[in-house]
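Let's take a walk through this structure together.

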Amino acid sequence: MVRSSYVFTSESVSEGHPDKVADRISDTVVDAFIEADPEARVACETMVTTNRIILAGEVRASKPGQSKAESKAFTKEIIASLQPKVRAAVKDIGYEQKGFHWEKARYANYLHGQSAHIAQGVDSTAKKEEGAGDQGIMFGYACSETPELMPATLQYSHNILKRLAEVRHSGERVELEPDAKSQVTLRYENGKPVEVVAIVVSHQHKKKLGGSSYSQKRFADLVRPYAESVFPAGLITKRTKWHINPTGKFEIGGPDGDSGLTGRKIIVDTYGGASPHGGGAFSGKDPTKVDRSAAYACRYLAKNVVAAGLADRCTIQISYAIGVATPTSFYVDLHGADTIDPAILEAKLPELMGGCTPRGIRTHLKLNRPIYARTAAYGHFGRQPDNEGGFTWERDDLVEELRRLS
């Protein structure tokens, strides 16, 4: 039996969280390669720690008509050009600290050419279609809890940190430093969020607050109005519990306080625990990797199902075998909605994206563009499609066609 009344929690982390710094760098590498070659292959892992940035992974790029030797030289050329782009990404986040500085951190790049054995399974030829970059299962989810069709606990967690990042970047709140985490707990009645039970914000800060020495209460008074502003009226009550920097001071943070690695915040990146996750990370991977592109496709299709009014919640699962173009399975769960037989959607939805083959997904969502660095923080989903082609998987352009099925 599905519970209708319960308490649920999700968390988010800021762009300055060490793992998110690593994600941003890895996606900056993806963008650099795709800008040079839209069909580039990238699997980049980043580690950041006290004044150190380390890149590793497999890459490949080429220009039309290049020989294998020329392609290798072109790939090495791109690898050699990455350092200023990586440092610019760290600068944009806002790190100019003694323990982690965009200009002074030591940089090491261990990227190398992609395995020929992986390439032979994935690349298209005259005899076979482009295959999936790996085996795996991917999930997409949407629900009617928020205008973004995202779980409310996660969306509000993201929104708190995005608002604080805005006032940090603008200079309105110079006391704030880049590293931060948030957590929102909501009480649900009849499946709808009705009250904020608890809000947690841990935010890195400077030693002084507006010229005065730091105190936990003074910092809580600074942060709380920004956090309150992201919630609809009436959701926060007198019973709501607040925990702002509950351990006290938070001066040492970012990669200096804790090492960061690409791909360690996959639940923050997706649905905050409200939906299953296939296990694969997104950042640092080009869109031939179905960990990324098929998860985007599943979100796109699930969002359109909910936007069409066919269900209040929709979960979609898809699976692949490495080197094989056609999915091994496609599953739709409408969580009890009886507006349409899920089997109809299981037959129709893949058709809308070229059979959900890796190339069909990339073509439909126009993923072969340098649009990935912007996805690295505050979630890959629940975002607005932008004018440069980012977040195409958040479009709801299938709504009318899906309504005709019911």
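At 31% relative accessibility, Ser-5 counts as partly exposed, because that label covers what falls between buried (under 20% relative accessible area) and exposed (over 50%), using a 1.4 Å probe and protein chains only. You'll find Ser-5 in the segment before β1 (6-13). Helices (H or I, at least four residues) and strands (E, at least two) are DSSP runs here, numbered from the N terminus. Ser-5 touches Tyr-188, Glu-189 and Asn-190, leaving aside residues up to four places away in sequence; contact means heavy atoms within 4.5 Å. Ser-5 and Leu-186 sit 181 residues apart along the chain, and their C-alpha atoms are separated by 11 Å.

A quick word on what you're looking at: this is a predicted model, where local features need pLDDT of at least 70 and side-chain atom pairs count only at pLDDT 80 or more, while totals for chains, interfaces and linings use all residues. Residues are numbered from 1 along each chain as its sequence is written, and side-chain values use heavy atoms, with hydrogens and water left out.

Now move on to strand β3 (residues 52-60).

What does β3 pair with? Strand β2 (residues 41-49) is one partner, antiparallel to β3 over nine bridges; two strands pair if DSSP finds at least two bridges between them. Thr-49 has Arg-52 in β3 as its bridge partner. The hairpin of β2 and β3 has two residues between the strands, and there Asn-51 takes a positive phi near 45°. Strand β4 (residues 106-113) is joined to β3 by eight bridges, and these two run parallel. Here Gly-57 has Leu-111 in β4 as its bridge partner.

Next comes an open sheet of three strands, in the order β5-β12-β13, with antiparallel pairing. β5 (136-143) and β13 (329-333) stand at the edges with a single partner strand each, so one side of each is left without a neighbour in the sheet. From one strand to the next, the twist averages 10°. β5 and strand β12 (residues 313-320) run antiparallel and are joined by eight bridges, and Phe-139 stands opposite Gln-317 in β12.

Helix α9 (residues 290-307) lies across β5, β12 and β13, running at about 30° to β5. Axes are lines fitted to C-alpha atoms, for helices over the stretch in contact, and angles run from 0 to 180 degrees between N-to-C directions. In the loop between α8 (266-269) and α9 you'll find Lys-289. Is Lys-289 buried or exposed? It is buried, with a relative accessible area of 15%, and it touches Arg-41, Val-42, Ala-43 and Gln-114, again leaving aside residues up to four places away in sequence.

α9 also packs with helix α11 (residues 358-365), at an angle of about 60° and with axes 10 Å apart. The two helices are therefore oblique to each other; angles under 35 degrees count as roughly parallel, over 145 as roughly antiparallel, 65 to 115 as roughly perpendicular and the rest as oblique. In α9, Val-290, Ser-293, Ala-294, Tyr-296, Ala-297 and Tyr-300 meet Pro-358, Ile-361, His-364 and Leu-365 in α11.

Follow the chain past α11 and you come to Phe-381, in the loop between α11 and α12 (399-403). Phe-381 is buried, with a relative accessible area of 1%. Its contacts, not counting residues up to four places away in sequence, include Met-150, Tyr-296 and Trp-393. Phe-381 and Met-150 are 231 residues apart in sequence, yet 7.7 Å apart in space, C-alpha to C-alpha. The loop between α11 and α12 also holds Phe-391, whose phi is near 60°, a positive value in a residue other than glycine. At 4% relative accessibility, Phe-391 counts as buried.
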